[in-house]
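Dear colleague,

My notes on what was found follow directly after it.

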Amino acid sequence: MQFGAETFLRLTLCLLPNLFCCDLRECPRETEHFDFSVRYNMTSFDAGQPIQNIVVNDSHSKSIYLAVRNWLYALNVSLEKTSEVRTGPVGSPECEMCNICETHWEPAGGLEDNNNEVLVFDTFDPYLYNCGSSQHGICYLHNIEHGNLSDVRCLFKEKNNRPDHCPDCVASPLGTQVHVRTESFVTYFFIGATLNSSVAKAYSPKSISMKLLLGSMDGFEFPSKNKSSLTVLDEFLDTYPIDYVYSFSSEDYVYFLTVQKDSTSLKSSYQTRVARLKHGEYEVGNYRELVLECQYEPRRRRRTAAGEETWYNILQAAYLAKPGAHLAEELAVSETDDVLFGVFAESDPQSKDVRSRSALCTYPVKMIDKFIKEGMEDCCVRSEETPKRGLEFYQQMEYCPQS
């Protein structure tokens with residue numbers, strides 16, 4: 001199987017000047033006196049433990065849904081709890097939802113906690129999907145038309161799944177991103193899952209996959225039998241982890257943002273990449289990757305102690321939005337264009353451990369697409385040194401075809 005060339009992207013960093021630098025004007029003075037006796041009564045909800053996922057529904061019942069280990073909560077706009085459902089531990093008699101799926105999988109230790117890895121809305125119907133780390137990553141569908149979580153279905157059909165082929169196994173306990181798209185009343189899941197050799201052997205989840213929800217609403221299938229997924233090659237599963245940080249869609253494409261090594265060698269630096277799949281063509285032959293670089297270049301160029309520029313290589317968080325008038329002008333895009341905002345941190349050499357400095361980068365999505373297209377064209381242009389296709393962690397090393 002052949003894939004497009006791996007290409008590289010370097011875009012100018014745009015920072016908010018009033019917040020990050022004041023080299024051309026006097027910085028605003030801090031207020032000399034503060035009144036620390038003022039008390040603010042803020043609306044809040046205490047989940048009791050770290051929040052693993054949160055989504056806001058503006059379309060149906062104006063609700064907020066958040067997930068913690070073994071629990072899923074629904075809140076109203078006043079942050080009052082309106083519904084809750086226990087999602088674990090599997091094996092506990094108190095987890096009624098755990099018994100909806102007839103998997104006949106018994107937890108090895110008697111009880112298995114459930115980390116809610118995926119929490120995402122359907123794009124057409126009032127459904128909320130959640131997929132956890134337990135039960136090999138299977139998913140549940142909640143009908144939230146009235147804001148209640150108790151109307152739930154299991155997305156698993158036992159006869160369709162086995163250890164070496166499990167289309168209903170979606171989430172990885174190491175981390176998962178899912179983006180949902182609907183086409184002709186069919187719901188598709190675009191999935192990015194972090195794997196190692198242990199997870200890969202347990203009902204064979206995939207690194208990148210596309211799955212469609214069955215019309216019977218009780219599981220998934222691959223749109224194309226052998227061409228709807230990619231998995232890191234066995235020899236790299238434990239040495240080349242791919243962390244999926246964020247997913248989004250724009251126009252005809254679905255994108256995943258990842259943190260991964262810059263090569264498959266053991267001594268490699270980490271970088272951030274954007275992976276792209278085409279909506280409507282559910283085969284991985286259209287899979288593309290691009291490196292996202294984030295560098296701050298102030299007018300008075302700052303230097304590190306070693307005299308080198310600082311690169312912010314580890315993506316911490318991201319969000320897709322439309323730019324305001326000022327930012328659109330700075331980026332030479334329109335206010336209707338999609339722009340990706342990313343917060344990056346600098347890491348230690350050959351490590352994902354981040355340092356204290358961070359930066360905000362902006363990337364017009366149409367510019368990302370432009371660089372992907374140029375990289376594909378460069379792969380096919382005759383040159384003195386034939387470029388490689390890249391993606392050696394997914395496929396054997398191949399050279400670009402030369403015309």
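Among contacts in the chain between residues at least 6 apart in sequence, 53% join residues that are at least 24 apart. Please keep in mind from the start that this is a predicted model, and that the mean pLDDT of the chain is 86, with 86% of its residues reaching 70 or more. The stretch to read with care is residues 1-25, where pLDDT stays under 50, although the model has 80 contacts beyond four places in sequence for these residues.

As for the chain as a whole, you will find four helices and 22 strands in it. Of its 403 residues, 49% are buried, and its accessible surface comes to about 21500 Å², of which carbon and sulfur atoms account for 48%.

Although Ser-61 and Glu-145 are 84 residues apart along the chain, their C-alpha atoms are separated by 7.0 Å. Leaving aside residues up to four places away in sequence, Ser-61 touches Ile-144, Glu-145, His-146 and Gly-147. Ser-61 has a relative accessible area of 39%, and it therefore counts as partly exposed, since that class runs between the 20% limit for buried and the 50% limit for exposed.

The next topic is the disulfides. How many disulfides does a search of the whole structure find? The search finds five, and I describe some of them here.

- Cys-95 and Cys-98 form a disulfide in which the sulfur atoms are 1.8 Å apart; the link is right-handed, with 75° about the S-S bond, and both Cys-95 and Cys-98 are buried.
- Cys-131 is joined to Cys-139 by a disulfide with an S to S distance of 2.0 Å; this link is right-handed, with 100° about the S-S bond, and both Cys-131 and Cys-139 are buried.
- Cys-166 is joined to Cys-169 by a disulfide with an S to S distance of 2.0 Å, and the link is right-handed, with 70° about the S-S bond.

Why do Cys-166 and Cys-169 count as buried? Cys-166 counts as buried because its relative accessibility is 4%, and Cys-169 does so because its relative accessibility is 3%.

Ser-209 is found in strand S12, which covers residues 208-213, and with a relative accessible area of 2% Ser-209 is buried. Not counting residues up to four places away in sequence, Ser-209 touches Phe-189, Phe-190, Ile-191, Phe-222, Ser-228 and Ser-229.

Tyr-40, by contrast, is exposed, because its relative accessible area is 66%. Where does Tyr-40 lie? Tyr-40 is placed in the loop between helix H1 (17-20) and strand S2 (53-57), and together with Val-38 and Met-42 it makes a nonpolar surface patch of about 390 Å². When you look at helix H1 (17-20), please remember that pLDDT stays under 50 over residues 1-25.

Notes:
Residues are numbered from 1 along each chain as its sequence is written. This is a predicted model: local features need pLDDT of at least 70, side-chain atom pairs count only at pLDDT 80 or more; totals for chains, interfaces and linings use all residues. Side-chain values use heavy atoms; hydrogens and water are left out. A disulfide is a pair of cysteine sulfur atoms within 2.5 Å. Buried means under 20% relative accessible area, exposed over 50%, partly exposed in between (1.4 Å probe, protein chains only). Helices (H or I, at least four residues) and strands (E, at least two) are DSSP runs, numbered from the N terminus. Contact means heavy atoms within 4.5 Å. Patches are made of residues with over 30% relative accessible area and no salt bridge: like charges are joined within 9 Å, nonpolar side chains (Val, Leu, Ile, Met, Phe, Trp, Tyr) within 5 Å. Accessible areas come from the Shrake-Rupley method with a 1.4 Å probe; for residues, only the protein chains shown count as cover. A salt bridge is a side-chain nitrogen of Lys or Arg within 4 Å of a carboxyl oxygen of Asp or Glu. pLDDT is the predictor's confidence in each residue, from 0 to 100.
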